[in-house]
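Below are some points on the model you sent, in numbered form. They go from the whole chain to single elements.

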Amino acid sequence: MPGRGSAPRVVAFGGGHGLAAALAAWRRITTELTAVVTVADDGGSSGRIRREMPVLPPGDLRMALAALAGDQEREQTLAGLFQHRFGGSGVLAGHPVGNLLLIGLAEMYGGDTVRALDELAALIGARGRVLPMADEPLDLVARVASADPDDPQRVRTIRGQVAIAATPGRVCEIRISPADPAVHPAVLDAIARADVVSLGPGSWYTSVLPHLLVPRLRAALAATQARVVVVLNLEPQPGETDGFSPEEHLSVLQAHLDGVALHTVIADVEAVVDRRGLLEAARGCGAELLLASVAEPDGAPRHDPVRLSAALASVVGPR
C-alpha cells in the first residue's frame, strides 16, 4: 500500500455509467488512476461503428475519458464536446463527437487505440489513464433462463450486450468471444503496480463480470498484491439482474473470481435489506463488508461521488 502522503495507485474496472461513477469518486482520492474499460458494447453509436469498421467500440472508453477530464474551463469544454451527440437524422445523428475523434485518431496511429486514448487524455487534462480491457472487440454470449411461467425450463443462448440486456429472464451464464483475447501490456503493468483494484458499480453481467472472463486479466488479478474492492449496485438492473438482492450480486461475482482475492465489499446502507445475509456472503468471499451512505441524497439510484469517495478512502489503508 502507498506510503504516508503518497497517492494510492488505483485500477478501476468497468464500463458505462457505473465506471464513470467510480472514476468520479476515485479522482477525489488520487491522480494515480487507471480505468480499464470493457470493449463488448454493440449498441448505439458503438454498435454502428463496430459494424462498419474493425475497431474497439469507443463509447465506454469515451465516457471514462470524460469522467477523468481536468477541472479547467477549457478541459471541461472539450470533455463536453466529447460527450456531445450530433442531432438531426443523417448518418452522423446520434454519434458522440468523442467516439469519432477516438476512432479517427486510432486510425491515424495505425490502429493503436491506446496511443489515441493517451493523446485525448492529454488534450482534456485527464486525471488518470484510460485503457481497453482487451486489444480486440469482444462479444458477450449468455445463457438466459426464460421468465415465462409457462416455459420455466427454456434456456436460450443470446449473443451481444444489447440483446442480453433486452432479453426477459435471468442470466445464468456469461462468456466472451473470443475466449482468450490479447491484453495490452500497459493493463497488466497497471494491475501489477496497483495498490487498489476496484470492480463495480455497473451492469453486473455486461460491464463488471466480463473482466474476470478474460484469462490474462484474471491471472493478473489473481497475482496482484493490491487490495480488491467491490462496489455493489444500488438496485437490480432490468434485463440483467431482475430481483437480485445485494448478496445475490456478490454470490454471482464470487462464482467468477477463480483465484482472485476479494478484500472489501462496499454497499449502500439503505439498499441492503438483509444485512446479516450480505455480511455472511462477504465473509464467504473472504472480504470485509462496509455499509455506508453512498447514494445520492435525493434518493435517486445513483452513486454520489463525494459519499462514495469517502467510503473508498476509508478502505485505502494498510491491509
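**Notes on the predicted model**

1. The chain's secondary structure amounts to 14 helices and 10 strands. Its radius of gyration is 19 Å, close to the 20 Å that the globule rule gives for 319 residues, so the chain is as compact as a globular protein of that length. The model is a predicted one, and this applies to every point that follows.

2. On overall extent, the C-alpha trace spans about 60 × 55 × 40 Å along the principal axes of the chain. As for burial, 55% of the 319 residues count as buried.

3. One sheet to look at is an open one of three strands, in the order E5-E4-E6 and with antiparallel pairing. Its edges are formed by strand E5 (155-159) and strand E6 (170-177), each of which pairs on one side only. On average, neighbouring strands of this sheet are turned by 20° against each other, with direction ignored.

4. Within that sheet, strand E4 (residues 139-145) and E6 run antiparallel and are joined by seven bridges. For a check in the viewer, take alanine 145, which has arginine 170 of E6 standing opposite.

5. Strand E9 (residues 264-268) is a separate case to inspect. Five of its five residues are buried, so the strand is largely enclosed by the rest of the structure. The cover is on both faces: Thr264, Ile266 and Asp268 are buried on one side, and Val265 and Ala267 are buried on the other. Note that Asp268 is listed among these buried residues.

6. Which strand pairs with E9 in the parallel sense? Strand E8 (residues 227-231) does, over three bridges. In this pairing, valine 229 stands opposite threonine 264 of E9. Threonine 264 is also one of the buried residues of E9.

7. The last point concerns the surface. Phe86, Val91 and Leu92 make a nonpolar patch of about 280 Å² there. Where does valine 91 lie? The residue is in the loop between helix H4 (73-83) and helix H5 (97-108). Is valine 91 buried or exposed? With a relative accessible area of 72%, valine 91 is exposed, because the cut-off for that class is over 50%.

How values were computed:
Residues numbered from 1 in each chain as written. Predicted model: local features only at pLDDT ≥ 70, side-chain atom pairs only at ≥ 80, totals over all residues. Heavy atoms only, no water. Patch = residues over 30% accessible without salt bridge, like charges linked within 9 Å, V, L, I, M, F, W, Y side chains within 5 Å. Areas by Shrake-Rupley, 256 points an atom, 1.4 Å probe, with all protein chains shown as cover. Salt bridge = Lys/Arg side-chain N within 4 Å of Asp/Glu carboxyl O. Helix = DSSP H or I, 4+ residues; strand = E, 2+ residues; numbered from the N terminus. Buried < 20%, exposed > 50% of the residue type's maximum accessible area, 1.4 Å probe, protein only. Pairing = 2+ DSSP bridges. Axes fitted to C-alpha atoms, helices over the stretch in contact; angles between N-to-C directions. Rg over C-alpha atoms; globule rule 2.2 N^0.38 Å.
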